[in-house]
Amino acid sequence: MTDRVLVLNCGSSSVKYRLYDGETVRDSGTVERIGEPGGGPADHVTAVRQILDRLDLDGLGAVGHRVVHGGRRFSEPVLIDDAVLTAIRELVPLAPLHNPANLAGIEVAREALPDVPQVAVFDTAFHHSLPEAAATYAIDRDVAERYGVRRYGFHGTSHAYVSRRTAELLGRPYEALHTITLHLGNGASACAVSGGRSVATSMGMSPLEGLVMGTRSGDLDPTVIFHLRREGGLGVDEIDDLLNHRSGLLGLTGANDMREVLHRRAAGDPAAALAFDVYCRRITGYVGAYYALLGRVDAVTFTAGVGEHSADVRAAALAGLDRLGIAVDPARNADAGDRVISPDGAEVSVCVIGTDEEREIARESRAVAATAG
């Protein structure tokens, strides 16, 4: 096969695509506001067809598809056939907003490019190395088994890419490094990586658990749900919508973009100041907890939109952790690009690295297609 790979990353209302020749990006773009009134294409099928029609796909060696939820079945990228497609469809109840969009991209690409290997790369796969003690919720085990209740974790391609790039940036063997990666975007998650293996992660059965996010609450006492149902009369779907789409930064401030929250905070808005503190305090707690789980931390790495671009968040999230050897140099924190932002001689390297999930998907898809061919 050739090194030419197309990556399709179908989100709930967008499709990001990249066409690679080896490590070189030949074409890329994002189709947004899919299905929104006055927005983009009517659905994901239409969007993907438009993308395929405009690209030069001669000599394509593989198409890599991001699939959000692989359940317990998929622990690594796989060549897509009818059985894999059926299995992904059966996992829709675990990712109702994402797996249908992923399936649409796969089905259109298989129809348009029947002779090109199609590869599924799962967000959850990197976290299959979680110890059972990390993946297991303390509920009735028969109920958990019957309904697939366990921690699956997400953002796996990002955590895999960034933890490996951290080792490269530091010039240290990946298999010897203990790293805490912080993927801070509109969705946000933390991951403890030991020797290239995920051993703890903040997202759980769904992407709702863990850190405070743009519109998601993150960690929450389950009693809140019962209380809203019993005392407020809210239905299950209303509560689902509240916690996934009207909480997090949006629920606290009315804005889901950290840049706007920071602007309002600087202007003296108390709601924005509180939201910032809640957001950063949650990150601090996870870093401390993962330090204890790992026993030794070599690096803490920030990535994704907020993690890469907000010096204020990075500084506040790690404030007070000096006794653990974690500190941020203000001048380095203010710079740009992939870099170390901790002081010289710090026990723990604090890094900023731009994530590249599409490049990771291309790399893994190329490897699977080569094995199959």
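**Figure 1. Strands β1 and β2 pair in this predicted model.** Strand β1 (residues 4-10) and strand β2 (residues 15-21) run antiparallel and are joined by 7 bridges. Within this pairing, V5 stands opposite Y20 in β2.

**Figure 2. An open sheet is built from 6 strands.** The strand order is β3-β2-β1-β4-β6-β5, and the pairing is mixed. Which strands stand at the edges? They are β3 (24-31) and β5; each has a single partner strand, so one side of each is left without a neighbour in the sheet. Helix α3 (residues 99-112) packs on the sheet and touches β1, β4 and β6. The direction of α3 makes about 165 degrees with that of β4. As background to this view, side chains in a regular strand alternate between the two faces of the sheet.

**Figure 3. The rings of F74 and F122 form a stacked aromatic pair.** By the rule used here, the count of aromatic pairs comes to 2. In the pair of F74 and F122, the distance is 4.5 Å centre to centre, with 10 degrees between the planes. F74 lies in the loop between β4 (62-67) and β5 (78-79), while F122 lies in strand β6 (residues 118-122), so the pair ties together parts that are 48 residues apart in sequence. Both F74 and F122 are buried.

**Figure 4. The rings of Y286 and Y290 form an edge-to-face pair.** The ring centres of Y286 and Y290 are 5.6 Å apart and the planes are at 75 degrees, so the pair is edge-to-face; planes over 60 degrees apart count as such. Y286 and Y290 are 4 residues apart in helix α11, and are therefore separated by about one helical turn. Are these two residues buried or exposed? Y286 and Y290 are both buried.

**Figure 5. The charged end of R265 sits over the ring of F276.** The distance from the charged end of R265 to the centre of the F276 ring is 3.7 Å.

**Figure 6. L184 and Y279 belong to the largest nonpolar core.** This core holds 42 residues, and L184 and Y279 touch the most other members. At least two core residues come from each of β7 (178-184), β8 (188-194), α10 (258-266), α11 (270-294), β10 (299-303), α13 (311-318) and β12 (349-352). Which element gives the most to this core? It is α11, with 11 residues. Leaving aside residues up to four places away in sequence, L184 touches L211, Y279, I283, F302, T303, A304, G305, V306, G307 and V313. A second, separate core has 21 residues, including L6, A47, L57 and A109.

**Figure 7. Strands β8 and β9 form a hairpin.** Strand β8 and strand β9 (residues 197-201) run antiparallel and are joined by 4 bridges. The bridge partner of S194 is R197 in β9. The hairpin has 2 residues between the strands, and G195 takes a positive phi near 60 degrees.

**Figure 8. H155 and A304 have positive phi values.** H155 is a residue other than glycine, and its phi is near 60 degrees. H155 is found in the loop between α5 (141-147) and α6 (156-170). The relative accessible area of H155 is 10%, so H155 is buried; the cut-off for buried is under 20%. A304, also a residue other than glycine, has a phi near 75 degrees. A304 lies in helix α12 (residues 304-309). With a relative accessible area of 7%, A304 is buried.

Terms used
Residues numbered from 1 in each chain as written. Predicted model: local features only at pLDDT ≥ 70, side-chain atom pairs only at ≥ 80, totals over all residues. Heavy atoms only, no water. Core = buried A, V, L, I, M, F, W, Y, C linked by side-chain atoms within 4.5 Å. Buried < 20%, exposed > 50% of the residue type's maximum accessible area, 1.4 Å probe, protein only. Contact = heavy atoms within 4.5 Å. Phe/Tyr/Trp six-rings, centres within 6.5 Å; stacked < 30°, edge-to-face > 60°. Lys NZ or Arg CZ within 6 Å of the ring centre and 35° of its normal. Pairing = 2+ DSSP bridges. Axes fitted to C-alpha atoms, helices over the stretch in contact; angles between N-to-C directions.
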